[in-house]
Amino acid sequence: MHSRILMVADEEKFGVGHVIRHVLTIVLAGLAVVIAALPLHSTHAWAVGTEVKPLLALGARVAGDRARSRIVIDFDRKPDFKLHYLARPNRIVIDLPSTAFGFNQEDLAPRGLFKDIRYGAMDVDSARLVLTMERPARMVIAEAQQDEKTSGYRLVLDAEMVTDQVFSQLVEEQGWGQATSVAVTRGDRVASTPDASSPGKFVIAVDAGHGGIDAGATGATSKAAEKDITLAFARAFADRLNREEGIEAFLVRDKDEFLSLSERVTIARQRQANMLISVHADTLRQSNIRGATVYTISDKASDRMAEELAARENLSDEVAGVSTPQEPAEVTDILLDLTRRETQAFSIAAANAVVKSFEGQVTLINNPHRYAGFQVLRAHDVPSILLELGFLSNKEDEALLLDAAWREKIADLLTQAVQRYRQPLQANGG
């Protein structure tokens, strides 16, 4: 049983028998119905010495992946709460006033960042929600929001992966007398890594496609793996960018490891990137097609080839066994990081700058700026492009992709494109 009713005062003593848990679940659900009918200041005491009826938790749902996860709990009125972090194992604790939990236990089945979720009464005046994490995480949103359709409220808890060091700092710096996580306005970015980018720098996240168990495409002749080619180029490109004054580049993936698409987006946002460039080298059935292509995000693909390429790239998570199910819209707005119009316009400007730098210098595919629904480009506040350096299915492109001198040339041209994109932003104070 994944979610458990918590009926003990000691945070470290969670275990109760299967039968007791089952009975308590039924009893609490029944009590919730009765409590909902009581007036706010009922003369019928909920417990000895308590005259104010408890909060009623009417419903709950969980969504998420290994980078970000969300819990939403519906209440009959606004819940006061306090948030704490605990280590060994890593947990986030939400303290509530007396609460009757009237939803099904399965509604809070753990997923994403949460490997165990427990909730229940601590005593007659308090209740607790305990989230045990798959990996270190912090709350980037923890707030009670009024329901637009009813008189009730919902507690929204958005957790985001962080490093071990950041989580340790959260544990050490918190004060148990007050909430340690404040509500973060949707759209704000939280720098939650110890090596957050330098102030005043134009920061670029260079994302080497694929990695680890996800090898990507394979060279037609050399049998070279796309993951190795993209990492070699990403290193050369980041080194070139870091020689430019006012620019700071970092590698999203700096070794042969698997990162989910959501993790890539989250890392870029945590490092406060001003731009994300994801590099790839795919294959096509038609070996005669060659040249570089630049892609931006769109719900509707520009053409069949762009649509098929996006579909293949978006399957990277499934290659490593990472599930990315469709979520209800009410819990996924921050998980999917839907692209804003302004950010999309900046992404298009960046793509156009790349095409202009490449023209006459690098072989480009017909209609070199294309668009489709690439998951890795979905950061709603980071302009993002995906660059196909060439096609490993074409012998000429394959030879170039393996050529260190050619990679340096492309890195130079891309750096020029970044500067071309950045200049009007600087002129406008960006």
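Which residue's side chain meets that of Arg118 in a salt bridge? Asp116 does, with N to O at 2.5 Å, where a salt bridge is a side-chain nitrogen of Lys or Arg within 4 Å of a carboxyl oxygen of Asp or Glu. The model is predicted, so local features need pLDDT of at least 70 and side-chain atom pairs count only at pLDDT 80 or more, while totals for chains, interfaces and linings use all residues. Residues are numbered from 1 along each chain as its sequence is written, and side-chain values use heavy atoms, with hydrogens and water left out.

**Overall make-up**

- The chain has nine helices and 16 strands; helices (H or I, at least four residues) and strands (E, at least two) are DSSP runs, numbered from the N terminus.
- Of the 430 residues in the chain, 54% are buried. Buried means under 20% relative accessible area, exposed means over 50%, and partly exposed is in between (1.4 Å probe, protein chains only).
- Among contacts in the chain with a separation of 6 or more, 75% are between residues 24 or more positions apart. A contact means heavy atoms within 4.5 Å.

**Salt bridges**

- Side chains of opposite charge can pair when their charged atoms come close.
- The whole structure contains 22 salt bridges.
- Asp381 and Arg269 form another salt bridge, with their closest N and O atoms 3.0 Å apart. Asp381 lies in the loop between β15 (364-372) and β16 (384-388) and Arg269 in helix α4 (residues 261-270), so this pair ties together parts that are 112 residues apart in sequence. Both Asp381 and Arg269 are buried.
- Asp282 and Arg312 meet through their side chains in a salt bridge of 3.1 Å, N to O. Because Asp282 is in the loop between β13 (275-280) and β14 (292-297) and Arg312 is in helix α5 (residues 304-314), the pair ties together parts 30 residues apart in sequence.
- Asp282 counts as buried, at 6% relative accessibility, whereas Arg312 is partly exposed, with a relative accessible area of 35%.
- A network of salt bridges links Arg68, Glu160, Arg269 and Asp381.

**Helix α4**

- Helix α4 is mostly covered, with 10 of its 10 residues buried.
- The buried residues of α4 include charged-pair member Arg269, and also Leu261, Glu263, Arg264 and Ile267.

**Helix α7**

- Helix α7 (residues 341-358) has 18 residues, which at 1.5 Å a residue should span 26 Å; its end C-alpha atoms are 26 Å apart, so the two values agree. The expected span is 1.5 Å times one less than the number of residues in the helix.
- Buried residues of α7 include Thr343, Ser347, Ala350, Val354 and Phe358.
- These buried residues of α7 pack against β13, β14, β15, β16 and α9 (404-427).
- Just after α7, Gly360 has a positive phi of about 80 degrees.

**Nonpolar cores**

- A nonpolar core is a set of buried Ala, Val, Leu, Ile, Met, Phe, Trp, Tyr and Cys residues joined through side-chain atoms within 4.5 Å.
- The largest nonpolar core has 63 residues, and those with the most contacts inside it are Ile71, Ile73, Ile94, Leu108, Leu129, Leu131 and Met139.
- A second, separate core has 42 residues, including Ile204, Ile229, Val294 and Ala411.
- Leaving out residues up to four places away in sequence, Leu131 touches Ile71, Asn90, Arg91, Ile92, Phe114, Asp116, Ile117 and Met139.

**Aromatic rings**

- The structure holds seven aromatic pairs. Rings of Phe, Tyr and Trp (its six-membered ring) pair if their centres lie within 6.5 Å; planes under 30 degrees apart count as stacked, over 60 as edge-to-face and the rest as tilted.
- Phe101 and Phe103 are an edge-to-face pair, at 6.0 Å centre to centre with 80 degrees between the planes. Both Phe101 and Phe103 are buried.
- Phe103 also forms a tilted pair with Tyr119, at 5.2 Å centre to centre with 45 degrees between the planes. This pair links distant parts of the chain, 16 residues apart: Phe103 is in the loop between β6 (99-101) and β7 (114-123), and Tyr119 is in strand β7.
- Tyr119 is buried, as is Phe103.
- One aromatic cluster is formed by Phe101, Phe103 and Tyr119.
- Arg271 lies over the face of Phe250, 4.1 Å from the ring centre. A charge sits over a ring if NZ of Lys or CZ of Arg is within 6 Å of the ring centre and within 35 degrees of the ring normal.
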